[in-house]
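Here is a short note to read alongside the model, written for someone meeting it for the first time. Please keep the sequence and the 3D view open as you go.

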Amino acid sequence: MYEGVDTIWMDGEFVDFEDAQTHVLTHGLHYGTGVFEGVRCYDTADGPAIFRWEEHLERFYQSAKPYDMEIPFEPEEISEATVELIRREELDSCYIRPVAFYGYGPLGLNPGNSPVQVAIAVWPWGAYLGEEALEEGVDVAVSSWRKHASSQIPTNAKTTGAYVNSVLASLEAKGNGYTEAIVLNKEGNVAEGPGENIFLVRDGELYTTGLAESILDGITRQSVVDIAEDLGYTVHDDATISRGELYTADELFFTGTAAEVTPIRSVDDNEIGAGTKGPVTDEIQTTFFDILDDPPAAYEDWFHPV
Ligand code: PMP
């Protein structure tokens with residue numbers, strides 16, 4: 001996966017890939033006290049550009065807040081380091097992973113005495129659920145694991161430790177032969193995928209689960225809401241979706257930086273719609289990829305040139 005990646009940015013310096021190491025007594029390793037982002041840089045008609053970089057950077061800093069974590073670099077420094085890293089790696093398109101974590105220090109639960117470390121890695125990454133998934137759709141299963149409520153762990157923050165919930169749901173889905181999971185919240189309503197938000201299409205209108213359903217406020221989710229509204233669709237972005245409504249949806253699709261816009265063709269072996277990519281999903285997905293290929297003026301501010 002990381003073949004050909006030479007350089008990592010770590011704590012203010014560009015270091016060789018092999019030298020980007022940390023100690024086993026790192027606080028974040030023991031207690032999951034880290035925050036991260038997942039971002040994509042696309043090879044657009046105007047050159048390589050980072051998609052919604054300002055929004056991702058803002059979420060990165062916001063994620064750190066509940067943990068009293070002061071990221072010891074300004075957003076501009078992180079931004080410049082990332083652009084420089086992509087240039088050094090000579091990548092036209094890539095995935096970008098910034099991470100900040102409480103580092104080596106006293107292993108008490110209060111991380112206050114541990115230094116905050118920051119690293120950025122970039123690498124080429126294709127379709128997360130596979131090229132075929134983008135066309136044909138994926139088979140998913142409702143997980144037996146519930147999503148933690150935002151009163152237990154803030155779900156609007158991308159905290160490393162919180163991702164054990166996503167790992168459990170993914171392992172279960174893959175172990176049972178499905179491509180991905182859908183996770184219900186404590187109330188038993190739909191929350192999201194392990195690394196994706198979810199959209200439902202019914203009678204030509206779009207529904208996506210609201211922030212109160214214990215989800216991450218996905219940046220692809222926000223982008224798809226804007227795209228769908230610009231295409232003239234009515235979008236309900238604070239929906240409560242029951243498990244039963246999944247099965248009877250006209251269409252379902254995932255959104256996420258990694259998954260982009262991926263159709264869902266079945267849930268728990270029930271075909272959704274015609275069991276293939278539906279027409280609304282197709283129009284939104286096509287528009288999304290067209291914007292990434294050749295950003296129209298109306299969406300130019302979604303792109304940060306490299
Ligand atoms: N939910 C979860 C739990 C995620 O990890 C992600 C991926 N960051 C998303 C939703 C989608 O968010 P985004 O569109 O910002 O990548």
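The points below cover the basis of the model, then its salt bridges.

1. Before you start: this is a predicted model, where local features need pLDDT of at least 70, side-chain atom pairs count only at pLDDT 80 or more, and totals for chains, interfaces and linings use all residues. Residues are numbered from 1 along each chain as its sequence is written, and side-chain values use heavy atoms, with hydrogens and water left out.

2. How many salt bridges are there? Taking a salt bridge as a side-chain nitrogen of Lys or Arg within 4 Å of a carboxyl oxygen of Asp or Glu, the count is 11.

3. Have a look at Glu37 and Arg59, whose closest N and O atoms are 2.8 Å apart in a salt bridge. Glu37 sits in the loop between strand E3 (34-36) and strand E4 (39-44), while Arg59 belongs to helix H2 (residues 53-64), 22 residues apart. Helices (H or I, at least four residues) and strands (E, at least two) are DSSP runs, numbered from the N terminus.

4. Next, Glu192 and Lys147 form a salt bridge at 2.3 Å, N to O. Glu192 is in strand E10 (residues 190-192) and Lys147 in the loop between strand E8 (138-142) and helix H5 (164-175), so the pair ties together parts 45 residues apart in sequence. Glu192 and Lys147 are buried.

5. Finally, salt bridges with shared partners join Glu135, Lys277 and Asp282 into one network.

Terms used: Buried < 20%, exposed > 50% of the residue type's maximum accessible area, 1.4 Å probe, protein only.
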